[in-house]
Amino acid sequence: MTRYFRRLGVLAGACLALFALAAAGLAQKWQDRPQVSALGWPVATAAGAPAGPVTVTWLGITTLLFDDGVTQILTDGTFTRLGPLDILSRRPVWSDAAEVNDAIARYRLNRVAAIIPLHTHFDHAMDLALVANRTTAIVLGSESAANIARGGQVPVAQYQILADGESRQFGDFTITLIESAHVPLGPGDQPWFAGRIEESLEQPARVSDWKAGVCWSVLIAHPEGSALVQGSAGYLAGKLEGATADVAFVSVAGLAAAGRDYTRAFWSETVGRTGARRVFPIHFDDYTRPFGELSLFPGMVDDVTQSARWLDALAAADSVTIERLPLGRPVAIFR
């Protein structure tokens with residue numbers, strides 16, 4: 001019996017050692033990531049004083065702040081950052097109220113008229129209710145977005161459920177939501193956490209509770225120009241037929257895994273359909289890093305440098321300019 005337990009102990013020790021080695025190897029791979037400069041995209045010039053008539057400030061992932069000096073429009077509004085273990089485990093998580101409050105103050109989100117969750121995954125809509133409650137902005141989106149607002153005790157008058165193709169006006173901005181699709185990342189060409197949020201979502205909640213809901217292509221029109229915001233690298237063929245945009249903000253996450261042919265089709269259905277001549281990639285940053293820090297995911301998660309090469313070739317063929325937005329600094333987008 002003593003010999004049995006001794007052997008069992010040796011086996012357990014060997015298993016622990018192998019686990020430790022595997023963990024160390026995974027940790028090393030997680031740190032093995034390219035520099036942002038490896039993307040090769042020129043950085044757009046930040047707006048000076050006075051700024052252009054309409055500016056956009058990229059705040060990471062797909063959070064964009066549009067501002068014409070009178071009215072502000074915010075996509076997503078996600079400032080909380082979760083670590084890899086928060087995402088991979090099933091433990092409950094919640095918005096970082098201090099981080100949200102700091103972002104609202106630092107970027108002077110005091111004139112936000114509308115918040116548009118591009119879809120309702122956690123990295124797009126986790127802070128939706130908190131930001132709405134800290135401002136007087138109207139949440140525009142799907143029933144899933146409304147259920148996030150309800151779970152966060154957002155007043156009923158502060159959220160609206162829009163149908164495909166429906167528009168709203170805020171100041172000089174006209175916002176139109178057009179149903180789109182999420183980039184196919186999960187089994188059966190479905191996104192992870194597919195489906196809709198069917199009831200009020202209260203925090204804390206598991207990451208998987210923030211289901212995708214409806215993915216939107218968002219058209220933002222202003223007397224100075226028009227923009228397309230594509231919050232996921234997905235598309236519905238022909239859906240943007242007849243839509244026009246001077247600039248396009250296109251999500252990059254997942255393109256490398258989807259492949260070159262898919263990337264070509266995605267470009268054609270977004271940039272090509274709208275005729276945008278200036279493109280700003282978004283959603284290429286590692287959202288497990290602290291808010292305000294810009295880094296790429298490790299290559300084993302998403303090979304963004306490969307996606308960048310494909311996009312560069314497509315842009316060159318169409319005589320389109322690709323620029324990288326500086327994090328946290330306004331850029332005049334219509335010129």
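Student: In this predicted model, is Phe-173 buried or exposed?

Tutor: A residue counts as buried when its relative accessible area is under 20%. Phe-173 has a relative accessible area of 1%, and is therefore buried.

Student: Where in the secondary structure is Phe-173 found?

Tutor: Phe-173 belongs to strand E8, which covers residues 173–179.

Student: Which residues is Phe-173 in contact with, leaving aside its neighbours within four places in sequence?

Tutor: A contact requires heavy atoms within 4.5 Å. On that basis, the partners of Phe-173 are Val-54, Phe-66, Asp-67, Asp-68, Thr-71, Ile-73, Arg-168, Ile-220, Ala-221 and His-222. One of them, Asp-67, lies 106 residues from Phe-173 along the chain, with a C-alpha separation of 9.5 Å.

Student: Which residues is Ser-295 in contact with, leaving aside its neighbours within four places in sequence?

Tutor: The partners of Ser-295 are Arg-33, Val-36, Asp-285, Asp-286 and Arg-289. For Asp-285, the distance to Ser-295 is 5.7 Å from C-alpha to C-alpha, at 10 residues apart in sequence.

Student: What pLDDT does the protein average?

Tutor: The average pLDDT is 90, and 88% of the residues score at least 70. Over residues 3–28, however, the pLDDT is below 50, and this stretch has 1 contact in the model beyond near neighbours in sequence.

Technical notes
Residues are numbered from 1 along each chain as its sequence is written. This is a predicted model: local features need pLDDT of at least 70, side-chain atom pairs count only at pLDDT 80 or more; totals for chains, interfaces and linings use all residues. Side-chain values use heavy atoms; hydrogens and water are left out. Helices (H or I, at least four residues) and strands (E, at least two) are DSSP runs, numbered from the N terminus. Buried means under 20% relative accessible area, exposed over 50%, partly exposed in between (1.4 Å probe, protein chains only). pLDDT is the predictor's confidence in each residue, from 0 to 100.
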